[in-house]
Structure formats: structure tokens, C-alpha cells
Amino acid sequence: AVVLGIETSCDETGVGIVADGRLIGAALASSMDEHARYGGVVPEIAARAHLESLVPCVEAAFRQAGIGPAELDAVAVTSGPGLATALQTGLAAAKAYALAWDRPLYGVHHLAGHVAADTLEHGPLPRRSVALIVSGGHTSLLLLGDLARDPIVHLGDTRDDAAGEAFDKIARILGLAYPGGPAVDRAARDGDPRAIDFPRAMLGAGYDFSFSGLKSAVARHVERDGPGFSVPDVAASFQEAVVDVLTRKAVDACRAHGVDTLVIVGGVAANHRLRRVAAERCGAAGVTLRIPSPRLCTDNGAMIAAVGGLLVAAGAPPSPFDLAADPSAPLTRASLTPDRL
Ligand code: ATP
Ligand code: MG
Ligand code: FE
């Protein structure tokens, strides 16, 4: 199936076209720079930027794919979770296109999109897998079956900050550029990950996570050392604490559930140290590790098209045209169609 995917849940306008599980066209626009001086995403600014970027992105994706709307089988769109005004912009565009081109519409869960991004590079997921989603708003360990058909089981979630949120807050404490994740990742390359022994919260206590205590520990350390602290050492030691907890729990979950494949997705999956340590620990445990390329880890349209492709292939019913944005949709299945199955 050939599916167009639209993603506007946050500050990235993403459009992707997927043909039989293969990415054939994509375009991305970001309003990130416009939010930088506010230190976080401003919903109204994001929504206006989506409005300006959507049509040019759709046209660019078609141009790259070398096809036209006539060759499309379906339109998929993120219907939640995310910023309400931002989601509504993408939903309105997707409905207009689906109606104009007379194609079915599929509402997709943003986090299922993050998972499906991996299939564009590494093929279909095995019958069972464990997924670690580490993004700006979420940190979850999931037990997956067939992404299009089976319910998604939560093994654990963060009790406070998401992993990406922790990176962004630590970057602010260290005076690094917005957005913080890539900046901390870069600074950490020149630091010693063992310089400071930051706390590993909730290790050995199930699959939930907590990062707010780590954030406070970093803030206290920086205050105590005054202007004399080493940014690279703090960045590397903080990053090590996050990566240590994430990878230990993910590999433990695979072992406990007899699953031999771990897939790590979401913006934080772009982190160099996380990729490295996860590869080492999965290798030692005999677990196959799948992580998409960095550009497919952060928000994009192709990941939404990928879910759409899986839903069409599974014969899932399309979403109704009165599909509404669901800013806090829980992740229980890939499609947000209310009456599915
Ligand atoms: P969600 O998917 O939970 O709704 P989101 O869509 O805003 O949130 P993503 O786009 O998946 O999140 O990821 C963005 C997050 O990833 C930000 O917090 C960013 O700092 C973090 N991030 C991006 N690159 C890196 C990196 N190299 N190292 C660590 N964190 C990173
Ligand atoms: Mg983003
Ligand atoms: Fe995301």
C-alpha cells in the first residue's frame, strides 16, 4: 500500500510517503528556532508554523517520491498525543486531502509512529518484541506483538520527567543551547562519564523510571561547585546515569519476557552513548537491538505513514471523518479509531 503520513503533534511539520513498508518521499519543517527564546514549545506559534508548512511539505514529499495523489491508497495522521492546536492543524489538512482525493483516513498514535519508524529501515518487527520509547514527553517500556492488530502492553513508564525532558532541563542548568538533548550529547563527548556518581533511580525496582531526582542532583552539584564545574564532566556523568538505567531495565525486560528483540525509538534514541551502551548490553545478553537512524528517531511524517501502511495491510477499518485530536491519548494500540476490532 502507498500511504501519505502527516505529523504535527509538536514543533515539527513532518510529511512522509511510504510504499509497501519503504520510505519513498519525505519533507520536514521545524519551528524550533521560533521557540528557542521561550525555552520551550509555544503551542500557538507551532500551530501557525504547521499551517504555513503543511502544503509545501506535502508537495515536496510527492516530488521526491515521484508519484501523485492518484497513486495513494490512504492518508494517515497523528491524532494524539501532543499539543491540541498543533494536532488539529494536521488533522484538518489530512481530512481535507482524504476527502479531496477520496481516500480512507487513519488516525495514528504518535508513539506507535515512533516504533514503526524502525520498520522502515529494519523491516517488519518479529512476532514479539520489547520497545523502549524515549522521547521529549514519554519514557515507556512496552511489550509488543503485531503492531497493527495486538494491544500494546505497558511494562513501565516514567513516574515524573521523561528522559528527553531531563536532557532538556540539564542543558538549561548547564547553559547549553536549546533544544538540550543534542547539546548535552555533544558536550558529553569531551567529558568523563565516571567523574560524578549521579543517582540511578529505581534500579532493581521494576520497569518504571524516575528522572526528577537525577535532575535535582545535577542542579545541587552545579550550585555546590560554583563556576568551577566542568560542563563536559557533568554532561557525561548525567548522560551515563540516564543511559545506565534505560539500558539495564530494557534488557531485563527482554530476559524476563523471553523476548529476543529490543527496539529503541524516540528522540533520545538519537543519543550516541545510549546507542553504544545498548549495543554492548544487548550483545552480551544475546538480544537483537534495533534503533532507527537519528533522523527517524525524532518526529517525522514517515513514521506516521509507516503505521498507516501496517493498518491498511492488516485490513483495519479507517477512522471516522469526525476523528478528533486527543492530546493525552494513552498508548494501548497503534490506531486511534474508537471502534477498532
Ligand atoms: P513525544 O514523542 O513524547 O510526544 P516529542 O515528539 O517532543 O515528544 P521527540 O521529537 O521524539 O519528542 O524527541 C525530542 C526529544 O529528544 C527532546 O527532548 C530532545 O532533547 C531529545 N533528543 C534529541 N536528540 C537527542 C540526543 N542526541 N541525545 C539526547 N536527547 C536527544
Ligand atoms: Mg520535536
Ligand atoms: Fe515524538
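Helices here are DSSP runs of H or I with at least four residues, strands are E runs of at least two, and both are numbered from the N terminus. The expected span of a helix is 1.5 Å times one less than its number of residues. This is a predicted model, where local features need pLDDT of at least 70, side-chain atom pairs count only at pLDDT 80 or more, and totals for chains, interfaces and linings use all residues. Residues are numbered from 1 along each chain as its sequence is written, while chains are lettered from A and ligands numbered from 1 in the order in which they are written.

Let's start with α10, which runs over residues 272-285. Its 14 residues reach 20 Å from first C-alpha to last, close to the 20 Å expected. Leu274, Ala278, Arg281 and Cys282 are buried in α10 (20 or more other C-beta atoms within 10 Å of their own; exposed means 12 or fewer, partly exposed in between, with C-beta atoms placed from the backbone). These four sit on the same side of α10 because they cover an arc of only 100 degrees around the axis, taken from the directions from the helix axis to the C-beta atoms. The buried residues of α10 pack against α9 (231-256), β9 (261-265) and β10 (288-290), with contact meaning C-beta atoms, placed from the backbone, within 7 Å. Turned away from the buried side are the exposed Arg276, Glu280, Gly283 and Ala284. After α10 comes Gly286, with a positive phi near 70 degrees.

Now for the ligand. Ligand 1 is surrounded by 23 residues, the closest being Gly136, Gly137, Gly164, Gly181 and Gly267 (near means a C-beta atom, placed from the backbone, within 6 Å). α7 gives the most to this shell, with four residues.

How values were computed. Contact = placed C-beta atoms within 7 Å.
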